[in-house]
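Hi,

Here is the structure I promised to pass on to you.

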There are 6 protein chains.
Amino acid sequence: MKIVWIAPVGTGRFDDRILSFINRIRRSDVDAEVIHLSPGLPDNLEYHVYEHMVEDDLLHAIVDYEKKGHDAAIIGCFYDGGLREARELVKMPVIAEEEASIHVAATLGHKFSIIVGRRKWLPKMEDNVRVYGLSEKLASMRIVQFSIEKIASDRAGYLEAVKRESHLAVAEDGAEVIVLSEEASFDYDDLLDLQAHLGVPVLDPLIVGWKFAELMADLKRHGIAHSKIGGYEAPPTDELKRFDC
Amino acid sequence: MKIVWIAPVGTGRFDDRILSFINRIRRSDVDAEVIHLSPGLPDNLEYHVYEHMVEDDLLHAIVDYEKKGHDAAIIGCFYDGGLREARELVKMPVIAEEEASIHVAATLGHKFSIIVGRRKWLPKMEDNVRVYGLSEKLASMRIVQFSIEKIASDRAGYLEAVKRESHLAVAEDGAEVIVLSEEASFDYDDLLDLQAHLGVPVLDPLIVGWKFAELMADLKRHGIAHSKIGGYEAPPTDELKRFDC
Amino acid sequence: MKIVWIAPVGTGRFDDRILSFINRIRRSDVDAEVIHLSPGLPDNLEYHVYEHMVEDDLLHAIVDYEKKGHDAAIIGCFYDGGLREARELVKMPVIAEEEASIHVAATLGHKFSIIVGRRKWLPKMEDNVRVYGLSEKLASMRIVQFSIEKIASDRAGYLEAVKRESHLAVAEDGAEVIVLSEEASFDYDDLLDLQAHLGVPVLDPLIVGWKFAELMADLKRHGIAHSKIGGYEAPPTDELKRFDC
Amino acid sequence: MKIVWIAPVGTGRFDDRILSFINRIRRSDVDAEVIHLSPGLPDNLEYHVYEHMVEDDLLHAIVDYEKKGHDAAIIGCFYDGGLREARELVKMPVIAEEEASIHVAATLGHKFSIIVGRRKWLPKMEDNVRVYGLSEKLASMRIVQFSIEKIASDRAGYLEAVKRESHLAVAEDGAEVIVLSEEASFDYDDLLDLQAHLGVPVLDPLIVGWKFAELMADLKRHGIAHSKIGGYEAPPTDELKRFDC
Amino acid sequence: MKIVWIAPVGTGRFDDRILSFINRIRRSDVDAEVIHLSPGLPDNLEYHVYEHMVEDDLLHAIVDYEKKGHDAAIIGCFYDGGLREARELVKMPVIAEEEASIHVAATLGHKFSIIVGRRKWLPKMEDNVRVYGLSEKLASMRIVQFSIEKIASDRAGYLEAVKRESHLAVAEDGAEVIVLSEEASFDYDDLLDLQAHLGVPVLDPLIVGWKFAELMADLKRHGIAHSKIGGYEAPPTDELKRFDC
Amino acid sequence: MKIVWIAPVGTGRFDDRILSFINRIRRSDVDAEVIHLSPGLPDNLEYHVYEHMVEDDLLHAIVDYEKKGHDAAIIGCFYDGGLREARELVKMPVIAEEEASIHVAATLGHKFSIIVGRRKWLPKMEDNVRVYGLSEKLASMRIVQFSIEKIASDRAGYLEAVKRESHLAVAEDGAEVIVLSEEASFDYDDLLDLQAHLGVPVLDPLIVGWKFAELMADLKRHGIAHSKIGGYEAPPTDELKRFDC
């Protein structure tokens, strides 16, 4: 079985980090591939217009990997941008980080909190919670005031901030589970330490996204994948060809 | 005051129809412009991937019209695609058809129903209702089984179908207000007749979208426009230049 | 086009202030009238029983202004008292401050907060949010501990309190938009300064109520007004005569 | 212990019927009084403006009965009009039919349906369900197309219609409990027969309202009554005197 | 009329306290019985597995008391454990503390807060609020950090903690009503003092549970009890015999 | 890796069927065990009191399998009975059929419907949807009028009924995904045919429950399991010993 993780940015600088994380957690019967998009595209998705900029490449990549026979693709960003469009275009399972993470989180405890980098991120991520139907399970969203750039350049500081806000989420907001909104943002051992420190599960969207993709790739073999009636109905084949997509 | 209506499709075939509608309803102190996007782009937005395809052009158009000094822009599609990104990029009010229509509808009666062309359209349109916070006021969404193409080629049949489903929405679902999801889909007089026949207000997203844009353009003069803290925070100017947007 | 603003109290002491505010914001094609109710009636609506006391006069005024040919009436109190009854009695648009303000607010950002004078006001105003269907968009309601009387006698102190609580609403509660519950409570320039200071739109119910009334008066010309099927169904004409209403 | 049932209409034509019903269900240690309001007032509350018309008399009656030392008052109309104002004015428990009925209904089964006379009644009654916080327990509201006048003049026909719609509520909407919105609308034995026929509890708002009033009158002795902090805060005594209320 | 209060624990150490409380509040026409379960069963229900351990005895007790002709039974624990099963087995009203308390609380003010002993208790108690349909009326749940054991051994300290957290619930969370989650946890006079101190009603689940049981026992005489169609449908008689229940 | 499927009934008659199903879907690196409970216990869980009867055995089995070193246990009933208690007692992942099935369903389409055997089952299953936080994603629950006994004795008739109601759920209720509430109720090939016939994914709780358990067993290796702070906090070890659990 083959699954591709797509970093929807125009830089490969995180690819090794992500692949080494995946190699730590993937099933031995699943091959992992990590790719990124064309150079020149944004190297972060802080803004929704950047999500738009990368979407074209992202969708073509997903279509290509389905053609190559992959079993699932993961969109590696917690905004879940392009999910609706991707599921229109392919039958292969397409996994989105936030969707996968919060559904798993909801099964692990009474309520979960999401730790968010910047205030900017919060509205779309909270709207996603609403659209995915899980508002009732959301204890809080807490902001650590770290941009993606700042996370990458100061992982120790970010870890401290996440520890602090997660602790507050557990102690004051009633969270029993913590969901991170940035994938592989700590070293694996730091993540384990953080869980031990907080005493509650901490979901990294890379880990949960990947494992959920393995689940969905398995289910696909039994005919179970995203529904093609309704919201994910595909455009007519001839129209798609005309638009070269 | 100047407001631009953007048909987010690669065809101008509806422009005259829309402009003549707007001329019927616009305030005399407001200039109307109706534009469409580049040829070759999809001529309808049945599918979300088509929404994606037109978004680049759409966003550039909105940015351009702000630079030209327009007072508001309207995205002429009930999916409200690109709204988040557009509001990131400009300070000028950007109006979306579904958002404007259902907020006005909510003030006119106990509950409203949305008449939807195809089942395909329903999930995103209903998710929008959730995100806009109005699920409690939604009586139902009823499907008339008309694609955009079929609406354009059989307006009489479409009118009959809308009449039938709207009547059922009022009689069985408890709707006190009807919201159409396709703009200017009838002649103006047919719309008045439909209202008279049903006995409830029927909101055409072109009429409500336009008038709401006039309202927002007015409010902008008093410093009121979409918030730039949080979800609509703009990307840094220098980054945007780099990406030529 | 003619619109009447009704101060539902037995004093005209705020009329000039309100009229001068309206003159600043009204369209040039709309005539403004500001009226108050009979002397002896309560001069504020802190309590719901006061709302009841003024309602008779209020309803008669609304009916009279419809007969005079006005295009819309605004009930000038954020409790929105008498709205249901007024819409039963007339076909002319009747605009309520809270309803208009929060629907506009909902289109301007992820969530809004309402700044409330006294705790006493909060339950009905929050129940209104529920009934209007917008609970999901409400970030918080914050209390400044000012009665209507105290607002009128200490506008500077009130402005400070609003500034403080609005800032907290934005910084701690996630509000991207602020809604005031007392109309024209600052001078127009102070309002602009407050917006600049906070960096988010601040909705004065007088401004938004008035502009929404202009919108609704426009829409009325196209047959769109509150639905007369269901909740706003009018009593039989002969019964109303019997009760002299 | 003494409890007064107030028929908020200007006619005493239902008083005997209601009193004989109450005598059938009241505790022997509770004295019952049934009153109506001034002649000339509406003899039904089909419309919200009629609710307004009777409210003055209604509030004065409630204040009077508190002064007389009664232990509770019941507002005998399922719109629950005047509840907020009444609870401002007195400390004695004031019971409203819909509020009492649906809270009891919610404890008796998974979901309840409300049988409504006319479509006109539905929006306010459903808004009450929202404000009382019980939307999640509402299976449906079903309309029998009977005005209050028609109920009074054709009780047999009304009983048939209620039986039919209640059966559908149970069979198709998932209701496990039926709530009537018109008090004492059948003879007591017919009510028992209806329950036997349907196999589910059927709540007459007179029975439930009365028994809930007995409960609240008991609780009052232990210091428990509606809260006087917040929404039911009373106006200052001197102000009330000035307004003779 | 006879009502039994069942302390669902294997100890009688609270029976006298509870009976003396009930004797203070019961109607003179209602006989009270207080029982506990078999020795060896848990003496507190801090954990859900303890709820399970006592449920067998609890259900048999409820069935027995129905056979004896009692009019209602009360499950004396705020987790409401066994309610669903008990209502399957009997037709006699079975009252649960949390269900009764929060429905009454909802009628007394805008929102209520529940004071919870330990964080452990909160998730199930909040899930109950959801299932009973009252999430919208819940202001907050506040934790005093007292186990049942600690409450029993330090009532003065517990009273202080409840006073402190209740005050915060009223002052900061918007609660107009306080609901306790431990029955008879103060002396009756302390409860009255607490209400006077806070200025809002404080609901002891023993008082409200008992009075609600009296209400339901009364309603049973008019054919009103929990619905036996749907969720509370009883197992076939012969099957139950086989399982000796 | 070893996972145990527990049929919470006192009969082994379904064990072979379930095991053969699991063998079809399990990962080759996961060992499957299927067990049932003590003879004499109910052989179906139509009623909640039967759920209670089997819970003791069920909990002891789960504790035992954790001691044996298993990686996860699945409670094989769509009522999810005993989940809260089981998660208190162990750290090993405990998977419940409904919880797992509806979270997966929610990721596969706009809304899902649950096909329910008998009306009796519906309230608890719908309450579970609420407690799990997914009410917004539930299109409908449809009843096929088959008891567990009848399903076992007439699988062909049951299949027809499921096909009919699922079709209606898709065509009329807006379901894009179907969730079954009885595990392994068809042969595997019939399930595939049903999916092909309906054109939407059909989730058998056995398949989804099992695969979700594999996911959770994997996640456990990275420290992620149900939270032990809050609702699933375990009783003190010494207390548990005393109660022999």
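Predicted model: local features only at pLDDT ≥ 70, side-chain atom pairs only at ≥ 80, totals over all residues.

Leaving out residues up to four places away in sequence, C:Ile178 touches C:Phe112, C:Ser113, C:Ile115, C:Ser166, C:Ala169, C:Leu198, C:Val200, C:Val202 and C:Leu203. That residue also turns up in the largest nonpolar core, which has 546 residues. The ones with the most contacts inside that core are A:Ile178, B:Ile178, C:Ile178, D:Ile178, E:Ile178 and F:Ile178. As background, nonpolar side chains tend to be buried together in soluble globular proteins.

Now hop over to chain B and find B:Ser101, which sits in helix α4 (residues 97–106) of that chain. Is B:Ser101 buried or exposed? Its C-beta atom has 27 others within 10 Å, and 20 or more is enough to count, so B:Ser101 is buried. Which residues does B:Ser101 contact, if you ignore its neighbours within four places in sequence? They are B:Val179, B:Leu203, B:Pro205, B:Val208 and B:Gly209.

Helix α9 (residues 205–220) of chain E has 16 residues, so at 1.5 Å a residue it should span 22 Å. The C-alpha atoms at its ends are 21 Å apart, which agrees. Most of α9(E) is covered, with 15 of its 16 residues buried.

Chain A is worth looking at on its own. It is divided into domain 1 (2–96 + 207–242) and domain 2 (99–205). Taken over C-alpha atoms, the centres of these two domains of chain A are 22 Å apart. Where they meet, 17 residues of domain 1 of chain A are in contact with 19 residues of domain 2 of chain A. On the domain 1 side, α1 (15–25), β4 (94–96) and α9 (205–220) of chain A each supply at least two residues. By class, that side has 9 nonpolar, 4 polar and 4 charged residues.

Then there is the way the chains meet. Between chains D and C, 26 residues of chain D are in contact with 26 residues of chain C. On the chain D side, α2 (48–67), α3 (83–89) and α5 (122–132) are the elements that give two or more residues. That side of chain D is made up of 12 nonpolar, 4 polar and 10 charged residues.

Chain A can be laid on chain F with a turn of 180 degrees, a shift of 0.0 Å along the axis and an RMSD of 0.0 Å. Here again, 100% of the interface residues of chain A are also interface residues in chain F, so these copies meet through the same surface.

Some pairs don't touch. No contact joins chain A and chain D, whose closest C-alpha atoms lie 13 Å apart. Chain B and chain E don't touch either, and their nearest C-alpha atoms are 13 Å apart.

Cheers

How values were computed: Residues numbered from 1 in each chain as written. Chains lettered and ligands numbered in written order. Core = buried A, V, L, I, M, F, W, Y, C linked by C-beta atoms within 7 Å. Buried ≥ 20, exposed ≤ 12 C-beta atoms within 10 Å, placed from the backbone. Contact = placed C-beta atoms within 7 Å. Helix = DSSP H or I, 4+ residues; strand = E, 2+ residues; numbered from the N terminus. Nonpolar A, V, L, I, M, F, W, Y, C, P; charged D, E, K, R; others polar. Expected span 1.5 Å × (residues − 1). Least-squares fit on C-alpha atoms with pLDDT ≥ 70 in both. Domains from an automatic or database assignment.
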